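The exercises below are meant to be worked through with the sequence and the model side by side. Read each task, look for the answer yourself, and then follow the solution step by step.

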Amino acid sequence: MKKSSVLSTILLLNFILLVLFSIAWRPGMIKQYKNQTDAQSKNDKPTPTRKDESIFTVIEIEDLEYPTLEVDIRLPYRANPKNTLVLVAKHAYATTERHLHVINVSKPYLPSYLTSLAFQDEIGKVIAYGNRLIVAGDKEFHIIDISVPTEPVIQSTTKLPNKNRIKDIDVQHQHLYVLAEDNYSLYIFSLEFRQVQFVKSKKLMKRWWMLSTGNEPSDVIQPRFPPTNKQFSTIQEQLLSQRRFLQLHPAAHGIIRSTNEFLVSNDTSSKANDLPIKPELLRKHVGGLIVFDAYWMDKMRSTVSIGHAAYYGMNMKYRGIPFERGKKTFKRQKPKNSYAIVDGNMQQIGHKPMIETVEINNKTFEGQITDYQILGDLIYIVSEKGFFSIFHFYSLEEAEPLGKVLSTIPMQASQPISIAVGKQHAYVLAMTPIKEK
């Protein structure tokens, strides 16, 4: 009996200790369980995701003073600021972060998405050379065979020497010129044969402004940045000999476009190229585009001190337009028709053409120029806040030497990054819109 009593006492004490431990541990257990449940519930909530798409837009430019938005195609891939668009015969080729897209524009008012070519790593700029495309990657470039436009094929991939990164590329005289990210390393490759051949590398001057080719494609001439307006003669000889400048620029946002007769560049006096809405900033930010004309320079070099023949700038474009309290209101119109790509096929988006009023109260009005192209004596311009403009620069015999803006229209609320121009239509590649209604 005594042993039984002792055993009962031990069991009772164990039970009491177990109850006390349970009471003391229970709040902590509940708190821990609650924290785990809250964390799990938080993780289960859908996180807001950005819609990954880019926009291909067709603009009718037959009437230069009244261009109209015709069609847009929503590509289900995200674009980055390095991506571009190029027009080859009846097809437009656009790059997004990891894809090359082919769009048939034989009927510009009804473009047709054909196919996309995927890449393992991110890609950027695309340029055309015959029936081939050159697509720039991070440390390599790809040669794409487009002899069959509906079936683009990667023909070869070439890495830069010393594992350098690519900033920009251009093609002239059967040669590819690759500017490295350091701004001072230029690599030249021959495209004369099917297999790409490395020709030479060249170290550029620290203060180079523009690049052009010499008597041989491998010879690169480096006009220095002119310290004053009187010293534009550094590019005069190249223009008069109709040697096209390489469309490479050392500045982060610099763009150069060149033909046999004309050269267009960002304004040399300012890094800005937009009109600040705040009046007090107008004197400091007067940048734009300057047009160099070989004929004009040759005839007027002894009588004038400036080197450019025409000028496109926001301060002239909107001269006399009041800006109330740092704000400007304008209207955007969406294209007549919109399409999305569903399972590789185009599907029309059922919405009516719509006009929305947008109020801009940032520091600048149109945003910086993101791309432009020259066609004859016209420049087609897109800017980061979704504007499309047509600028006519005049020859020496015409009445307005500074040129004239023929039209400006706001596109849908998107960020255009590249433009290609055909006979009666312009084609624009834009990044994902910030806001759309």
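**Exercise 1.** Why is strand 4 (residues 91–95) largely enclosed by the rest of the structure?

*Solution.* Keep in mind from the start that this is a predicted model. The step of reasoning needs one cut-off, namely that a residue counts as buried when its relative accessible area is under 20%. Five of the five residues of strand 4 are buried, so the strand is largely enclosed by the rest of the structure.

**Exercise 2.** Which residues touch the most other members of the largest nonpolar core?

*Solution.* The largest nonpolar core has 19 residues, and those that touch the most other members are Phe56, Ile73, Leu85, Val105 and Tyr427. Several strands each supply at least two residues of this core, among them strand 1 (54–60), strand 2 (68–75), strand 4 and strand 30 (425–431). To see one member in detail, follow Ile73, whose contacts include Phe56, Ile103, Pro111, Tyr339 and Met346, when residues up to four places away in sequence are not counted. Another core, of 18 residues, lies apart from the largest one, and Leu289, Tyr312, Ile381 and Phe387 are among its residues.

**Exercise 3.** In what order do the strands of the open sheet of four strands come?

*Solution.* The order is 17-18-19-20, and the pairing is antiparallel. The edge strands are strand 17 (256–258) and strand 20 (310–313), each of which pairs on one side only. From one strand to the next, the twist averages 15°. For a closer look, strand 19 (residues 288–293) is joined to strand 20 by four bridges, and Ile290 stands opposite Tyr311 in strand 20.

**Exercise 4.** Is Ser389 buried or exposed, and which side chain does its own side chain meet in a polar contact?

*Solution.* First locate Ser389, which is placed in strand 27 (residues 387–392). Its relative accessible area is 1%, so Ser389 is buried. The side chains of Ser389 and Thr408 are joined by a polar contact of 2.9 Å. Leaving aside residues up to four places away in sequence, Ser389 also touches other residues, including Tyr312, Lys317, Glu366 and Ile381.

**Exercise 5.** How many helices and strands does the protein have, and what share of its residues count as buried?

*Solution.* The protein has four helices and 30 strands, and of its 437 residues 48% count as buried. The accessible surface comes to about 23,500 Å², of which 53% belongs to carbon and sulfur atoms.

Terms used: Residues are numbered from 1 along each chain as its sequence is written. This is a predicted model: local features need pLDDT of at least 70, side-chain atom pairs count only at pLDDT 80 or more; totals for chains, interfaces and linings use all residues. Side-chain values use heavy atoms; hydrogens and water are left out. Buried means under 20% relative accessible area, exposed over 50%, partly exposed in between (1.4 Å probe, protein chains only). Two strands pair if DSSP finds at least two bridges between them. Axes are lines fitted to C-alpha atoms, for helices over the stretch in contact, and angles run from 0 to 180 degrees between N-to-C directions. A nonpolar core is a set of buried Ala, Val, Leu, Ile, Met, Phe, Trp, Tyr and Cys residues joined through side-chain atoms within 4.5 Å. Contact means heavy atoms within 4.5 Å. A polar contact is a pair of N or O atoms within 3.5 Å; within protein, one must be able to donate a hydrogen and the other to accept it, and residues adjacent in sequence count only if both atoms are side-chain atoms. Accessible areas come from the Shrake-Rupley method with a 1.4 Å probe; for residues, only the protein chains shown count as cover.
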